[in-house]
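Please have the sequence and the 3D view open as you read.

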Amino acid sequence: SALNYANVYPAIPTNYNTCSCDLCLFEGTEVVMADSSKRKIKDIKVGDKVASYDFSKKEYVIKPVKRVINTGEQKVFKIKVSNKTSILATANHKWFVRKNKSKDVLVVTTLDLIDNLKSNEARGYNYDKFRIACAGNYVSFNDDNTSDFITEEEAYILGIYIAEGHMYGNGIFISQYKQHVSNKIRNTLEKTDFKWKEYSNGFYVSYLFAQHDLFMSSGRGAENKRIPTEMFTQPLPILKALRDGLMDGDGSVAKPTESNNATREFFYSCSNQLESDFRYLSFLVGKHGITYSNIRSGFGSDRLQHTVHCHENSKSYTGFMGIDSIEEAEVVPTYDIEVEDTHAFILADSGVITHNCEDKDNTNEIYYSNKQIQGSPIDFYKQFGALSFESLPADLGRLTKLFTVSGKFFAQTTDFTIPLEFR
C-alpha cells in the first residue's frame with residue numbers, strides 16, 4: 001500500500017504492515033472453511049476456499065481467498081453478541097447489519113456499532129438499533145450420504161464416549177444407567193466391528209481397530225474432552241450421528257409447551273473446548289446454541305460447567321442478531337482476508353457473517369513477491385539504507401519485521417537479518 005510503515009520500539013519486535021487496510025480481526029479468530037472445518041484466520045492461505053454468503057442472491061456459497069493480510073499488532077474492541085459469544089475486531093472493521101425495523105443490509109464499522117449502541121441506550125429505546133448478520137440457517141455444504149473415514153454407528157459411539165466415557169486399559173469404558181440409552185448403545189455397537197462387552201453400569205470397548213487413534217485424540221479427562229477436528233469435515237449424516245451420541249451421553253431435551261412450541265436441547269460439559277466444539281457441530285447441522293456457564297458443586301470439587309442451549313427454530317438467531325455490548329480490549333496481533341466476489345466470510349465461534357478487507361488500491365509488490373522487487377514506487381526499504389550495501393538487494397528476501405536491539409536497527413527478511421541505518 002502507499003503507506004507502509006512500522007512503529008519501532010526499543011527491543012520490541014514490530015511486525016511489518018504490508019497493507020494500509022486496518023479492517024481486521026484477532027489472529028486467533030476461527031473461520032468456517034468450505035469443507036466445514038474451522039481454521040484460525042492467521043493460518044489461511046491464498047487460494048483456500050471459505051464458506052461465504054452472497055447478500056444479493058441470499059444464498060451461502062463457497063469462495064476462494066484472494067489475499068491474506070498480516071496487519072500487525074493493533075488495538076481491538078470486544079464485541080459481545082446475543083448468542084453469548086465475543087469477537088475481537090479493530091475500530092474500522094466492517095460488518096453487515098440492518099436496523100430493527102428495516103430489511104436493508106448496511107455495511108458499517110465497529111465504531112459505527114459503538115455509536116449506534118450508545119445512541120439507543122441514551123434514548124432508552126431500540127427502534128433503530130443495529131442487528132449484526134449471522135449464519136443462522138447455515139448447514140454444512142458436505143451433503144454426501146456416506147464416508148470412507150467413519151460410519152454413522154462409529155460416529156455415534158464416538159459422541160457418547162466423548163460425553164460420558166473414559167479410557168480404560170487398552171480400550172474405553174462408556175458409563176450409562178439409562179435403560180433406553182443402553183439399548184441404543186447396544187444396538188449400535190452390534191453394527192460396528194468393535195470388540196465390546198456390556199456390564200451393569202455401561203460398556204467396555206476393548207478394541208476400536210482402525211478408529212483407535214481417532215477416539216484417543218478426543219482428549220483425556222472431562223475437562224479436556226474435545227471433538228477431533230477431522231470430524232467437522234464429514235458428511236451431514238455423520239455429523240448428526242456424532243451429535244446424537246453427545247446428546248445421549250450428556251444432554252437433555254425439553255419438549256414443546258403451550259408457551260414455547262419449539263423443542264429445546266441442552267448439552268452439559270466442563271470442557272471449554274468441548275463446549276465450543278459442540279456449539280460449532282450444532283451450527284453445522286442447523287441448530288444454534290447459546291452457552292450459559294456457572295460453578296457446579298459435586299464430584300469432590302467445584303467446577304465451571306457450560307450448558308449449551310440449542311434452539312432449532314429461533315427467530316432471534318436466524319439472519320441477524322443483537323449486540324449486547326462493545327468494550328475496548330488489548331493490543332493484539334491481527335489479520336484479515338479478502339474473499340473473491342462476495343467479500344464476506346463466516347466466523348466459526350459466533351456464526352457472524354463479516355465483511356473482509358477490500359483494499360483495491362493495494363499494489364504492494366513486497367507482499368505479493370517472494371523476493372523484494374527493486375524500484376517499486378512504494379518500496380519500504382527506500383526509507384533506510386543497509387550498512388553493508390548501497391541499497392538492500394532484491395535477493396535478500398521479503399521484509400517481515402523491523403526491530404531494534406541495544407539501540408541498533410535491523411530488518412528481518414525471509415532469508416536474513418540485516419543491520420540498517422536511516423538515510
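## Helix H5

The buried residues of H5 include Leu236, Ile238, Leu239, Leu242, Arg243, Met247 and Asp248; buried means under 20% relative accessible area with a 1.4 Å probe and protein chains only. Because 11 of its 15 residues are buried, H5 is largely enclosed by the rest of the structure. Among the elements covering those buried residues are helix H2 (152-164), helix H3 (179-189) and strand S18 (303-311), where contact means heavy atoms within 4.5 Å. Helices (H or I, at least four residues) and strands (E, at least two) are DSSP runs, numbered from the N terminus.

## About the model

This is a predicted model, in which local features need pLDDT of at least 70, side-chain atom pairs count only at pLDDT 80 or more, and totals for chains, interfaces and linings use all residues. Residues are numbered from 1 along each chain as its sequence is written, and side-chain values use heavy atoms, with hydrogens and water left out.

## Aromatic pairs

The whole structure holds 15 aromatic pairs (ring centres of Phe, Tyr or the six-membered ring of Trp within 6.5 Å; planes under 30 degrees apart are stacked, over 60 edge-to-face, the rest tilted). Tyr53 counts as buried at 16% relative accessibility, and Tyr60 does at 18%.

Phe194 and Phe215 also pair edge-to-face, with 5.8 Å between centres and 90 degrees between planes. Phe194 lies in the loop between H3 and strand S13 (195-199) and Phe215 in helix H4 (residues 212-216), so this pair ties together parts 21 residues apart in sequence. Both Phe194 and Phe215 are buried.

Definitions and conventions. Buried means under 20% relative accessible area, exposed over 50%, partly exposed in between (1.4 Å probe, protein chains only).
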